[in-house]
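Dear colleague,

I am handing over the structure below, together with some notes on what was found in it. Please look through it before reading on.

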Amino acid sequence: MHGPPEVPNDFWDHPAIAAACTDRDMGALISAYRHHPQHLSRVTQDRMAGWLGISQAQLSRYESGENQIDRLDRLRHFAQVLGVPGERLWFDRVVIPAQVGSPETGPPDVLAAPWEATSIARSVEETARSDLAISRRAALTGAAAVTVGSALVEPLQRWLHPLQNLSKWSSHSAISEEELFALQRVADGLRGWGGRGGYGLARKAVLGQLDELAERLGRAPSGPTTERAFFIGAELSKVAASMSFDAGLHNAAQRYYVLAVRMAKAGHNDGFAALCLAAMARQMFDLGRPEDGLELVQLGQYGTRRTGTPTLKALLLTREAWAYASMGKTREFHQAVGLAQDSFAQRDADNEPRYLHSFDEAELEGVIGARCRDLAMHDPTQAVFAEQHIRRALALRDPSKVRNRAFDVIGLARTKMVAGDPEAACGLINEVLPTAAKLSSGRVLRKLEDFAKEAAQHRHIPAVQDTRDAIRAIRTA
């Protein structure tokens with residue numbers, strides 16, 4: 001009467017419970033729990049509702065599937081009350097196959113490392129060396145868990161607290177201005193590779209430079225050049241994360257995003273740390289975790305609420321809108337977009353940091369358009385807004401931004417598909433396929449795959465089937 005009874009370990013192996021966990025359906029899990037044959041007495045809906053702190057009517061709608069349980073706090077509360085084992089939870093750990101990791105030892109746990117400058121440098125060095133030692137084949141055949149939920153967000157909240165600096169005394173010399181200039185020049189060159197996608201030699205070059213820089217930072221005394229070197233390391237780490245993300249190596253991407261946040265903190269650059277949190281949020285959106293992405297964005301917003309520039313605030317607001325679009329929250333989405341546009345209008349490009357220069361008007365329009373398209377999956381009336389913003393982005397986009405333009409065109413095609421014009425959608429895809437074939441970008445290919453899945457309902461149309469076949473040919477080339 002006062003709460004769920006203690007149950008044996010094999011209680012959770014019942015087929016109905018295992019199926020509910022596989023389907024990620026808390027309502028079905030609660031129903032399976034109530035009807036479990038090992039209970040000594042019947043667990044009624046009234047009794048279960050009392051345990052969970054909800055009404056019997058609410059519970060009935062959850063169990064029938066009429067109302068989905070998708071709020072993270074509610075999922076955690078119900079699992080805690082029922083005592084669901086951690087290995088059965090699908091919302092606090094997501095397993096993504098084909099990730100970087102050593103089968104023997106695995107990479108260092110970058111979330112658990114102390115938030116202290118020397119430890120941050122050591123963590124970066126160990127992580128980069130671990131990944132350099134893993135072959136491409138091993139990276140794609142291993143399996144590792146991407147950290148999500150509170151296990152991801154809570155350790156990153158330490159970013160809001162002051163950092164213990166490096167010692168002022170060291171047996172090694174400080175980083176000189178000449179050394180810093182050379183590091184920055186190398187980092188700038190490697191950053192240019194980051195937008196091209198791929199894995200291979202470019203990523204190894206970034207990791208190799210990151211390894212050398214981290215080793216140097218671990219021996220350097222505190223000082224202004226050391227802080228600036230940490231920031232260069234943060235930039236390199238973010239490039240490594242973007243390359244990993246493009247290649248579909250989500251676990252590796254997450255590690256380097258976390259390291260970028262930590263190095264930016266050691267470099268006293270909260271704006272760049274918030275930018276990295278926004279990039280981590282984008283990864284969570286791609287993995288179907290909008291609640292986690294929203295928490296990361298809000299963490300970045302809170303940490304830069306007094307110091308953020310108009311462009312940074314606009315960028316973070318577009319990430320907030322992204323979360324709302326994924327969750328189908330139309331009113332909240334348009335409110336966030338409006339605030340982003342207002343903030344962007346206040347920017348002074350000459351006074352914005354260099355790392356925000358790529359977030360120009362074309363990028364703002366492209367992001368808003370793509371998110372309107374996401375929202376159109378829940379509310380088809382939003383498709384017209386998506387097309388307006390994406391076409392504006394294409395008109396403004398620098399022709400040299402080949403990959404960004406490819407994203408724009410694919411997004412416009414997917415918008416046409418949502419709007420019920422599959423022939424026009426396929427025409428746009430056919431225009432971008434030659435460019436996609438030349439780009440070594442995993443993200444572009446994945447967007448094309450998304451289009452092919454969305455077009456499947458129209459595969460009886462010859463033009464649609466031909467386009468799907470062409471996409472398949474690029475993937476298998």
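Among the 86 residues of the largest nonpolar core, those that touch the most other members are L156, V261, M280 and L296; such a core is a set of buried Ala, Val, Leu, Ile, Met, Phe, Trp, Tyr and Cys residues joined through side-chain atoms within 4.5 Å, where buried means under 20% relative accessible area with a 1.4 Å probe, protein chains only. The most to this core, 12 residues, comes from helix α13 (residues 270–286), helices being DSSP runs of H or I with at least four residues, numbered from the N terminus. A second, separate core has 26 residues, including W12, A20, M26 and I30.

This is a predicted model, in which local features need pLDDT of at least 70 and side-chain atom pairs count only at pLDDT 80 or more, while totals for chains, interfaces and linings use all residues. Residues are numbered from 1 along each chain as its sequence is written, and side-chain values use heavy atoms, with hydrogens and water left out.

Leaving aside residues up to four places away in sequence, V261 touches W115, L156, W159, A273, C276, L277 and M280, contact meaning heavy atoms within 4.5 Å.

For the protein as a whole, buried residues make up 53% of the 477 residues, and of the contacts with a separation of 6 or more, 72% are between residues 24 or more positions apart. The protein has 22 helices and two strands, strands being DSSP runs of E with at least two residues.

With best regards

How values were computed
Buried < 20%, exposed > 50% of the residue type's maximum accessible area, 1.4 Å probe, protein only.
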